[in-house]
Amino acid sequence: MKEKLRQCENLIVLLFKIIIYALIYWSFYRLFAIKNWQLLTISRTAAVTTLSYIISGYLFIKIYGGYDIGKRKSKPIVISLSLAAFMTDLVAYLMLMVMNTNDHNNAKFTLEQPWLIVIVCVLQVILIELAVYGGNWVFFKIYDPEKCLIITSSQRSLNEISRCIKKYKLQFKICRNIDYRNESLKDIIPKYDTIFVYDVPVKERTQIVEFCYQNMKNVYINPEMADVVEVNAHHVMLDDVSLLEFSSVGLTAEQKFIKRLFDIVLSVIALIATSPLVLIAAIAIKLDDGGKIVFKQNRATRGGKIFAVYKLRTMKENVDNYLSVVDDDRITKVGSVLRRFRIDEIPQFLNVIKGDMSIVGPRPEMLANIFNYTNALPEFEYRLRVKAGITGYAQIAGKYNTLPKDKLILDLMYIEEYSLWLDIKLIFQTLIVIFKKDSTEAFDRETEEKMEHYAEELF
């Protein structure tokens with residue numbers, strides 16, 4: 001019965017996907033066909049434009065995420081699909097202009113009707129919002145939230161995971177929580193659809209996961225260090241024995257060379273492209289309080305090397321330096337805008353060119369934080385196996401006030417999964433951060449105190 005329900009669910013989502021993807025493609029193709037008649041005929045221009053749209057659309061959906069109603073909230077899906085559609089439109093539009101550069105159309109490359117891209121994007125966003133909000137509405141009218149059981153080890157851990165699950169009340173319904181040491185655990189698990197195993201020792205967690213697998217239950221676990229290492233494991237056969245190989249050699253010489261070349265080229269392009277924006281920001285900072293424009297602070301990068309990170313100043317001068325909190329009176333009016341859109345971090349492309357940082361990698365922490373976090377989490381030093389980065393997993397998936405252990409897991413995931421494609425993917429995904437209001441969410445006073453004593457709490 002449960003298997004048939006899942007098949008029905010997949011069929012509904014597939015039907016919605018076909019409709020929305022077809023409408024997104026149609027809106028681009030039909031509007032540009034008004035002035036480009038060749039798109040309506042069997043022609044090389046129509047074939048190349050269509051093929052480029054399908055290929056680029058597939059790649060950008062892989063980067064930003066697709067139409068996964070029932071799994072995510074509506075707003076993140078709208079943002080992901082809108083960004084994917086815009087990037088796809090841009091690629092297909094440029095390809096169309098290339099195809100129009102010939103003896104019968106334009107003698108040289110010309111950007112025709114660039115304003116039409118805006119109209120297409122607006123229409124697509126409207127279609128996407130209707131499809132996503134409507135699709136999720138239909139989905140959750142048909143399917144009830146999954147009945148969830150939380151298995152954890154303490155009240156603090158229960159509070160942490162419950163807070164996150166409750167944000168997805170249409171997907172999950174917390175029915176019960178239980179300590180992992182409860183002797184009736186195996187009698188209780190089969191009564192629920194989804195099991196959250198949070199902050200449970202690895203040995204006991206493995207037993208619980210295996211039991212859930214036997215009983216075909218969905219399981220969510222919080223990864224530990226061993227799980228991160230397994231992400232990049234390779235299956236090998238030693239004679240007739242199956243083994244998993246864990247490689248700890250880090251980036252190869254070839255990977256380091258390509259990553260460095262990639263960093264330099266993109267940083268130069270980024271600095272040139274954003275120079276007008278930086279100039280406006282610099283003038284605004286100067287007019288606001290007349291202080292310095294650039295802020296420098298010592299941070300740590302690969303191998304623990306200390307360097308001065310560059311940022312546009314967002315705080316008042318001569319104030320104490322600690323993690324920002326809600327309603328932080330140290331942040332200037334101009335600074336709050338720069339922080340919201342991450343404009344203050346643009347000068348860090350100079351750090352990349354100098355070789356202190358990479359475009360993608362773990363964020364460089366303040367030196368005091370590194371000392372405290374490493375005392376509490378010895379694995380924290382593993383972040384220093386690669387150069388610090390402007391963007392990365394922790395910046396995209398997490399928030400400013402995400403706890404150190406969760407940021408650490410995200411950073412180590414990046415290190416273990418590194419590839420040039422992953423860097424490209426994360427660079428594009430950084431655009432999502434601009435639309436996430438909570439990405440720069442500061443610490444409240446209570447959380448600030450928790451961070452200051454984080455090491456003692458973990459011990």
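Trainee: Why is aspartate 356 called buried?
Mentor: In this predicted model, aspartate 356 has a relative accessible area of 8%, and because buried means under 20%, the label applies.

Trainee: What makes the contact between lysine 305 and aspartate 356 a salt bridge?
Mentor: The closest N and O atoms of lysine 305 and aspartate 356 are 3.3 Å apart, and since the rule asks for a side-chain nitrogen of Lys or Arg within 4 Å of a carboxyl oxygen of Asp or Glu, the pair qualifies as a salt bridge. Lysine 305 lies in the loop between β7 and β8 and aspartate 356 in the loop between α11 and β9, so the pair ties together parts that are 51 residues apart in sequence. Lysine 305, at 47% relative accessibility, counts as partly exposed, because that class lies between the 20% and 50% limits.

Trainee: How do you know that glutamate 224 is buried and which class does lysine 405 belong to?
Mentor: Glutamate 224 has 18% relative accessibility, which is under the 20% limit and therefore buried, whereas lysine 405 has 23% and counts as partly exposed. Their side chains meet in a salt bridge, at 3.2 Å from N to O; glutamate 224 sits in the loop between β4 and α8, lysine 405 in helix α14, and the two are 181 residues apart.

Trainee: What makes arginine 205 and aspartate 227 a salt bridge?
Mentor: The N to O distance is 2.9 Å, and because the cut-off is within 4 Å, the pair is counted; by this rule the count comes to eleven salt bridges. Arginine 205 lies in helix α7 and aspartate 227 in helix α8, so this pair ties together parts that are 22 residues apart in sequence. Arginine 205 is buried at 5%, and aspartate 227 also counts as buried, at 16%.

Trainee: Why is α14 described as largely enclosed by the rest of the structure?
Mentor: Ten of the 14 residues of α14 are buried, so the description follows from that count; among them are Leu408, Leu412 and Tyr414. The helix reaches 20 Å from its first C-alpha to its last, which is close to the 20 Å expected at 1.5 Å a residue.

Trainee: Which residues have the most contacts inside the largest nonpolar core?
Mentor: They are Leu338, Met357 and Tyr414, in a core of 37 residues, to which α14 gives the most, with six residues.
Mentor: In α12, Asn369, Ile370, Tyr373 and Ala376 are buried, and, seen down the axis, the buried residues fall within an arc of 135°, so they line one face. On the other side of α12, Ala368 and Phe371 are exposed.

Conventions
Residues numbered from 1 in each chain as written. Predicted model: local features only at pLDDT ≥ 70, side-chain atom pairs only at ≥ 80, totals over all residues. Heavy atoms only, no water. Helix = DSSP H or I, 4+ residues; strand = E, 2+ residues; numbered from the N terminus. Buried < 20%, exposed > 50% of the residue type's maximum accessible area, 1.4 Å probe, protein only. Core = buried A, V, L, I, M, F, W, Y, C linked by side-chain atoms within 4.5 Å. Arc of directions from axis to C-beta. Expected span 1.5 Å × (residues − 1).
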